[in-house]
Amino acid sequence: MKLKEHTYTALYLSDIHYLIDHKIRNHNHKDLFRLLNYFYKRKIRFKRIVLVGDILESWYFSADKKLKNSKKRFDKLFDRFDRLATPKGVKIFVVGNHDTVSFRQKLASRIEDYLEDRNWEITEKYESRAIVAMHGHQGQYNKFNWAFDIAIVRLLFNLARLFPRFFQYAENFYNQHLNRKDPVTKEEKLKYYSKLSSIAEQGNRVLITGHTHDFLAMPELKIINTGDWIQNRTFVMQKKTRFFGLQLDKNLRIVTRFTIHF
Ligand SMILES: [Mn+2]
């Protein structure tokens, strides 16, 4: 599908895990930059850009420290998003679990300042009359297991700083012992998303979420998961009441995976 010059209602994207090292985990950040460049050149703009969490990777690498050392890599991503918003456009940064290692689930203040200087609104939950956007880890974490997990993540992080080869071990340990299980079967998904729906106080609105990296639309619950940029290379574009689930394939073609009209 080729996109024509147009101003869309919104763009939704999540789980970029930006700044994660290629050596630790493969990702598709280069192609994300290509996609954002393509939007810009084609004059595709958005009245609202919602980043639905886990945009930065901050668990075993300190995004805050990277920003302290140089703004360049942050600019590389956010310059590209910023120029896609219309002049009066709204830009929302929804905080995900990997964006922070704070016990209060808040961004590091340097990152917060950086984003606010660029007019990003930082929130745990974005709401409008028709939409709720939430990262989705709230379906798996509560205050207590969050604090417990983060304490261990911080410990592993410090060990990994001393012994770089410990990174992979740290990740594996997390996945084996602390990873809140992602829903797999249709039943598990219904259960997980129903729970998330009530936590988000979705009501009759469309709920847009990320976190599980599972690109999907559940029309029966009015829920969309925007997928990720580690594996799926996916995003959602909104044109009035229509939502397009799109994927950038390996040949850099934009392929429609679902269209939903709520
Ligand atoms: Mn997440």
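The largest nonpolar core of this predicted model has 49 residues. Leu11, Tyr12, Val50, Val94, Ala133 and Ile208 touch the most other members. A nonpolar core here is a set of buried Ala, Val, Leu, Ile, Met, Phe, Trp, Tyr and Cys residues joined through C-beta atoms within 7 Å. A residue is buried if 20 or more other C-beta atoms lie within 10 Å of its own, exposed if 12 or fewer, and partly exposed in between; the C-beta atoms are placed from the backbone.

Take Ile208. Leaving out residues up to four places away in sequence, Ile208 touches Tyr12, Val50, Val52, Ile131, Ala133, Ile224, Thr226 and Val236. Touching means being in contact, with C-beta atoms, placed from the backbone, within 7 Å. Apart from this core lies another, of nine residues, including Tyr60, Leu156, Ala160 and Ala170.

Two notes on reading the model. Residues are numbered from 1 along each chain as its sequence is written. The model is predicted, and local features need pLDDT of at least 70, side-chain atom pairs count only at pLDDT 80 or more, while totals for chains, interfaces and linings use all residues.

Now step back to the whole chain. The protein chain holds seven helices and 13 strands. Helices (H or I, at least four residues) and strands (E, at least two) are DSSP runs, numbered from the N terminus. The C-alpha trace spans about 50 × 45 × 35 Å along its principal axes. How does the radius of gyration of the protein chain agree with that of a compact globule? With 262 residues, such a globule would have a radius near 18 Å, and the chain has 18 Å, so the two agree. This radius is taken over C-alpha atoms, and the globule rule is 2.2 Å times the number of residues to the power 0.38. Buried residues make up 37% of the 262 residues. Of the contacts between residues at least 6 apart in sequence, 72% join residues at least 24 apart.

Next comes a sheet. Five strands form an open sheet in the order β6-β7-β8-β10-β9, with mixed pairing. Strands pair if DSSP finds at least two bridges between them. β6 and β9 (216-218) stand at the edges with a single partner strand each, so one side of each has no neighbour in the sheet.

Follow the strands across. β6 (residues 125-127) pairs with β7 in the antiparallel sense over three bridges. A hairpin of three residues joins β6 to β7. Lys125 has Met134 in β7 as its bridge partner. In β7 (residues 131-134), Ile131 and Ala133 point one way, Val132 and Met134 point the other way, and all are buried. β7 then pairs with β8 (residues 206-209) in the parallel sense, over three bridges. There, Ile131 has Val206 in β8 as its bridge partner. Three bridges also join β9 to β10 (residues 223-225), and these strands run antiparallel. Ala217 stands opposite Ile224 in β10.

Finally, look at helix α3 (residues 72-82). Phe74, Phe78 and Phe81 are buried there. Down the helix axis, the buried residues of α3 fall within an arc of 45 degrees, so they line one face. The arc is that of the directions from the helix axis to the C-beta atoms. An α-helix has 3.6 residues a turn, so residues three or four places apart point the same way. Lys72, Lys76 and Asp79 are exposed on the other side of α3. The cover over the buried residues of α3 includes α1 (29-41), β3 (44-51), α2 (63-69) and α4 (109-117).

Terms used:
Contact = placed C-beta atoms within 7 Å.
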